[in-house]
Amino acid sequence: MTTIHPYPPLDPDGKGLGRLDGSCSLEQVPAMAWNLLAEDVSLPVAVLYETRVRHNLEWMQRFIRAYKVQLAPHGKTTMSPALFKRQLDGGAWGITLATAPQVNAAYRHGVRRILMANQLVGRANMALIADLLNDPGFTFYCIVDSAANAAALGAFFAERGQTLRVMIELGVAGGRTGVRDDQQLDTLLAEIARWPDALALSGIEIYEGVLQDEALIRAFLRRATGTLRRLQENGQLSADGPALISGAGSAWYDVVAEEFSGLDIGRPLEIVLRPGCYLSHDVGIYRGAATRINANNDVARHMEPGLLPALQVWAYVQSLPEPGRAIIGLGKRDAAFDAGLPTPALHYRPGQQTGQAATAAPKATAAKPANAPQAWKLTAMMDQHAFMQIDDGADIQVGDMIGFDISHPCLTFDKWKQVLLVDDDYQVLEAVQTFF
């Protein structure tokens, strides 16, 4: 079990909480008995639905186990150590991160095995990692794709008498980072070999998400497995610990699992997949990927239901200035807009009640939100406002609450210091902090 270090008090100036005086800690949130529909928290607010988060965590771990590979979810999606802990406690091998400061934040909150799926460039970034490597209980990998970077890393860590585990990143023409051809690979390998005490070559890393064609992706993955076999046959991999091969973003992890599963290079090998968005999922770009996966992958096809969208942003109807238009108190500061605008999903009018709650001290129970009409649609967003198209005669009032589904959770999480976990009755169960 991962030990997560204590957090500071919740930020009373953060969005989406309200009723905080600065003394409220994470541990005290459940006892506050806040309810989203009772307007106990200020809007806009980002919420995760507990039952869906739990389902998604269990679903992905079952999928990973079916292929006998490892899961190191990309932490940049949420940058929430409390959510990292859930992933690790659920069986994740480690956490993937993108930058040295992200690695530092995760380490400070108890994460002890990290794959940085990025190049470690610059002395200040190297120094951050070097400080963490003083902890013998910390395991860290980063990637290299150039002799220049390997030379800088080798010199830096040799000076400190430390060994850095590195993985060679392979890339494709026109893609992002990564070695493009055998000549670049051989030049990089020669440079790594110059630093036998400072650099330990641990394996191969790829990111297939720069490609969109499945046939090209499979060819890329087979290039990765072939390169790893070559490194092993030539004695170029470090003998310290298992070899690694890693790939898989949130769109093609099924194909990566199919191609990498069962790989045998004649020595202990960790096959590490890195999807990050599965925990919250979405109704946009990743729902599209899930539709393909559920249709084509034999394991996923027998694991219904698949991943469920668990993240929403709630906001008030702020103004109804003219027919056919509602202005929502939600903007680019609150939700992602790069992969499609948020989608109105739920509609609730505060004050609606149904019956009595079955408690010792009876009180009115809020009615559940209704599905938002399909005619309602965001057409534009500004910093703090969204323009929502509504149908003529729509039953909508200023002060109504709208729950919005989102596309691309990474760029929604990074807009919030705190995200609320709520149950199926919209009771606030927990607040988790983010560290972007």
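Rings of Phe, Tyr and Trp (for Trp, the six-membered ring) count as a pair if their centres lie within 6.5 Å, and the planes are called stacked under 30 degrees apart, edge-to-face over 60 and tilted for the rest. This is a predicted model, in which local features need pLDDT of at least 70 and side-chain atom pairs count only at pLDDT 80 or more, while totals for chains, interfaces and linings use all residues. Residues are numbered from 1 along each chain as its sequence is written, and side-chain values use heavy atoms, with hydrogens and water left out.

By the ring rule, the count comes to nine aromatic pairs. One of these joins F63 and Y67, with 5.2 Å from centre to centre and 50° between the planes, a tilted arrangement. F63 counts as buried because its relative accessibility is 0%; buried means under 20% relative accessible area, exposed over 50% and partly exposed in between, with a 1.4 Å probe and protein chains only. Y67 is also buried, at 12% relative accessibility. Both residues belong to one aromatic cluster made up of W59, F63, Y67 and Y253.

W314 and Y426 form an edge-to-face pair, because their ring centres are 6.0 Å apart and their planes stand at 80°. This pair links distant parts of the chain, 112 residues apart: W314 lies in strand β10 (residues 311–322), and Y426 lies in the loop between β19 (418–422) and β20 (428–433). Helices (H or I, at least four residues) and strands (E, at least two) are DSSP runs numbered from the N terminus. W314 is buried, with a relative accessible area of 0%, and Y426 is buried at 8%.

The helices come next. Two packed helices are described by the angle between their axes and the distance between the axes. Helix α4 (residues 123–133) packs against helix α5 (residues 147–159) at about 45°, with the axes 11 Å apart; axes are lines fitted to C-alpha atoms, for helices over the stretch in contact, and angles run from 0 to 180 degrees between N-to-C directions. That angle makes α4 oblique to α5, since angles under 35 degrees count as roughly parallel, over 145 as roughly antiparallel, 65 to 115 as roughly perpendicular and the rest as oblique. On the α4 side, the contact (heavy atoms within 4.5 Å) is made by R123, M126, A127, A130 and L133, and on the α5 side by A152, L153, F156, F157 and E159.

Q102 is found in helix α3 (residues 100–108). Q102 counts as buried because its relative accessibility is 15%. Apart from neighbours within four places in sequence, Q102 is in contact with K76, M79 and L97.
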